[in-house]
Amino acid sequence: MIERGSEWRRWDLHVHTPGTAMNDQFKGDWDSYLAAVEAEEDVKVIGVTDYMSVTNYSRLLALKKSGRLANIELLIPNIEFRVTPETSKAKAINLHLLIDPADPNHEAEILKALGRLVFKLDGVKYGCVPADLMAMGYKHNPVIKDDGAALRHGTEQFKIGFADFRAWLDDEQWLKANALVAVANSGQDGVSGLPLDGGFAAVREQILKAAHIVFSGNPVDRLFYLGEAGAEKLKALARLGGRKPCMHGSDAHELAKLFKPDQDRFCWIKADCTFEGLRQTLFEPADRVAIGALPPVLHDEARVIDTIFVRDPSSWFGQTSLPLNQGLVAVIGQKGSGKSALAEVIASTAGSWSDSEATGFLSRSEHHLDGVEVELLWADGHTTREKIGENESDSQQVRYLSQRFVERLCAEDHVGAALVQEVESVIFAALDPTETLNASNFAELRAMHTEHLRQERERLAGRLQQLIRELAHFRERAAKVPDLKARIDTLKAEDAGLRQQLPVINDPEQTALNAQIAATRDSLVQLQAQSASDKQRLVRIDAVEAELKSRAAEMQRWHAGMVERLREIGIGDEELQLFEPVFRGDVQKPVARIRGIVETSIAQREGALEMPAAGTIRAVAADLTRLSALATADKALRDRIDAIQKRLSAIAVEVHRIGEDIARIESVERKRAQEVPVERRETYTKVFENLAAEAAILQKLYGPVRQRLETGGHQEQSLEFYIRWDVDTAAWIARGRALFDQRRETPVDLEAVAKRDLSPAWRSGNPEKIAAAITDFVEPFLAGFKNDAIHLRTGVGASDVLDWLFSTGHIRLTYGLRYNGVDLEKLSPGTKGIVLLILYLGMDTDDSRPLIIDQPEENLDSESIFDLLVHYFRAAKKRRQIILITHNPNLVVNTDAEQVVVATCGRQADGLPMISYIAGSLESNEGGDGIRSKVCRILEGGERAFHAREQRYALSGVPAPLPL
């Protein structure tokens, strides 16, 4: 038995026949009536209706058993009653009993029950059976002479109070267990003719509470009875018994109206053509019943698998042809029965199976399946074929969540990275195509938007370190000024002492010569110092030239990379030159000019090798040599004078050099040292402005999913997108402590102040707050350096402390999803499974491909499945076909699966498996061994799941209020 399960079929549950007790316009023409019914192509189920009688139903049933009405799959007896109170139009309320014809003795049981429904006239009780109704007609109107007229008159007068009708039905156990109550809603003879308030309001409520079905084709009535007419009306509906299916029939009393309700308000029911199928509508009144000219079309037929064909010479599958329902297909079976095999075969054929599923059926059995061909026939008529093991397509025609995939994401993915990636893939799929920027995935799209910010953040971090090094250098230099000044004082004192030590020579000529020698030596030292300064300048010129060349090459590289990007955005060749980063002119030329001047100055100062000009280094050195040769004093005295004069010259040079150094420190460098902290603060602030800009981009990227979550159902709202400034204050403090001598106190209590002032500022994401907090925090350290209050570990310098103080690595943006306030990576495997299924069932609404899920309940508890996921399966199956491999009865019964496929696995003669499938609807249970029985037998807790559903809807007998 392989059936497609619950499908849309046209039912007409309100059809009269020739001989109907009232308003019979068929004129007794049964032949024309039967011909008209047999000509009907769409209607599959008829509710054969008559007033207080099943006589005409029995006649029609006998005809069907004899071979007539082959096009009609089911006849249901519909007994129409008139009960009081009357409506505002002076009409009795129409109540109908739709009775299950499955019991072979149902006609006799009905007649027995009707015989016990009595109307008392002049002290005489008349049963609701033809003989009594006829007798009552004669009694009430003695002028009647015709049995037919008497029956019609008796039927017309047989009106009992609703309370009496309810009491009778409660006493009739067989009838109560095998009948559904339907009530008309029209203002003429329906409950809407009774006032909402006033003396009959309570009666109206009681009638509706007793009814399982409302007979109405009015769209406004349908919205109300399905609880979709607004919050206020939902409260009113709760008092009337809860949600109910609205059904409509032609109420035909003549051939011209047969199966032709006004405005083509045909009744379509998604169920088997059985009374159990009719009962199924009570559980899903919105999804199982539709009123309109055509049945609902909810799915993209190009993305619905209509039938699976397996041609298997190995007989593992035999010659299987398995039609599939467009809604939820639940595949059940014992362990090893071939449930997952079916899922993998479909996924592989559809190009959605990965050979990484090493533990799957295909990976383990592929070498036994040579020559097995699988064909998927899609609902729009196109086909997909493959031979198992030969399909290398990655067409991804279905979304396949294998058991291994779910386990990997939920149980093994301890940090949640793969689950987050799946979340992002769904978010990416939900984006407007114009917003994806032709990226292939969400990570690539995010990188497109944020990579420039990350690069800029790296540059800013590098600039911070440069500023810290620069300021540390200035502070070190400034700290040396007192020593440099002391050095000058020392040198001056030495100068004075040396001058006192110069030997006194009595010879006037030698004294003059010594003075000339000293002056010449001073001149030589000054010339040499000037030459050294020029040569130092040349070194700086070399550095400038090298940096200019490097920068020019860097600009060329940048431009080369930028050109293609500029072309991509539409910049033409003529405009490209505007973006070329070149110097405004030949920058090497002025530098070369200065080099030439300096080199010329050096050359002129040093003098020619032969006959150097006066005043040059060579000339002065020659003069010094010549003058020294003229000295006649004894050698010891001469050496002593030369030594003192050389030292005096060196002192003068050093004093001049130190003086210039101090002047530079106290002017240029002091000014720059005052500028650096400002620039450092600005750069530090820009780091967080950069992070804030990235946060804004992420907010925009996650906008669609945030909107979907905020406007979704309860569980979607339990999922929330977040962007958080994640701050590891403890790591920052630990890094700082490592810099200090722990035997001494630090300028501030690191942990207390950091947690009190810095951490809140960092977490705020406000760049100005962060900059102000770090500035206030840094001041004590800078003061500590000034007064030697900071005690660092050996080898640690001030720049190391500033590097730590202005570091930003402990602050990062964290973004993703939370479920009930807990980050995905911190969820238990079971809760991750819930999130995963909510993701694919509730959020992935733009993907209409068939969704195949293999045993998702492995990581979920049964309560979670019932409370959290059933809603999502019910909603998702309306927009996409779902093939669910499961052994959980709640995922079969309470999701209202349209088709249940039962897998079994026997053994061939050679011991190899032989997999087969049967399928049908959840309501199918003919003979006591239908799909429902198999669900109860195969799935542990299956019977409890059915009972739980029935208790939830309170549908045994006359129903209690249905839950809203």
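This briefing covers a helix pair, a pocket, backbone geometry and selected residues in a predicted model.

The model is predicted, with local features needing pLDDT of at least 70 and side-chain atom pairs counting only at pLDDT 80 or more, while totals for chains, interfaces and linings use all residues. Residues are numbered from 1 along each chain as its sequence is written, and side-chain values use heavy atoms, leaving out hydrogens and water. Helices (H or I, at least four residues) and strands (E, at least two) are DSSP runs, numbered from the N terminus.

**Helices α4 and α5**

- The axes of helix α4 (residues 130-140) and helix α5 (residues 147-157) cross at roughly 90° and come within 7 Å. α4 is therefore roughly perpendicular to α5.
- Axes here are lines fitted to C-alpha atoms, for helices over the stretch in contact, and angles run from 0 to 180 degrees between N-to-C directions. Angles under 35 degrees count as roughly parallel, over 145 as roughly antiparallel, 65 to 115 as roughly perpendicular and the rest as oblique.
- On the α4 side, the residues that meet α5 include Leu133, Met134 and Tyr138; among their partners in α5 are Ala150, Leu151 and His153. Contact means heavy atoms within 4.5 Å.
- By class, seven nonpolar, six polar and one charged residues make up the contact of α4 with α5. Ala, Val, Leu, Ile, Met, Phe, Trp, Tyr, Cys and Pro count as nonpolar, Asp, Glu, Lys and Arg as charged, and the others, Gly among them, as polar.

**The largest pocket**

- The largest pocket holds about 900 Å³ of space. Its lining has 34 residues, of which Asn94, Ser186, Gln188, Asp189 and Asp251 are the closest to its centre.
- A pocket is an open set of points on a 1 Å grid over the protein atoms alone, where a 1.4 Å probe fits, with protein on both sides within 12 Å along at least five of seven lines; lining residues have an atom within 4 Å of a point. Volume is the space filled by probe spheres set on the points, which are joined across faces, edges and corners.
- Strands β3 (74-86) and β4 (92-99) each supply at least two residues of the lining.
- The lining comprises seven nonpolar, 15 polar and 12 charged residues.

**Backbone geometry**

- Most residues other than glycine have a negative phi, and most peptide bonds are trans.
- The peptide bond from threonine 84 to proline 85 is cis, with omega near 20°; proline 85 lies in strand β3.
- Asparagine 23, in the loop between β1 (8-15) and α1 (30-38), has a positive phi of about 55°. Asparagine 23 counts as partly exposed because its relative accessibility is 47%. Buried means under 20% relative accessible area, exposed over 50%, and partly exposed in between (1.4 Å probe, protein chains only).
- Aspartate 896 has a positive phi near 60° and sits in the loop between α31 (890-893) and β24 (899-907). With 2% relative accessibility, aspartate 896 counts as buried.

**Other residues**

- Histidine 382 is in the loop between β16 (373-378) and β17 (383-387) and is partly exposed at 30%. Beyond its neighbours within four places in sequence, histidine 382 contacts Ala302, Leu376, Leu377 and Gln397.
- Glycine 906 belongs to strand β24 and is partly exposed, with a relative accessible area of 29%. Leaving aside neighbours within four places in sequence, glycine 906 is in contact with Leu912, Pro913 and Met914.
- Lysine 686 is found in helix α22 (residues 635-701), and its C-alpha atom is separated by 93 Å from that of glycine 127.
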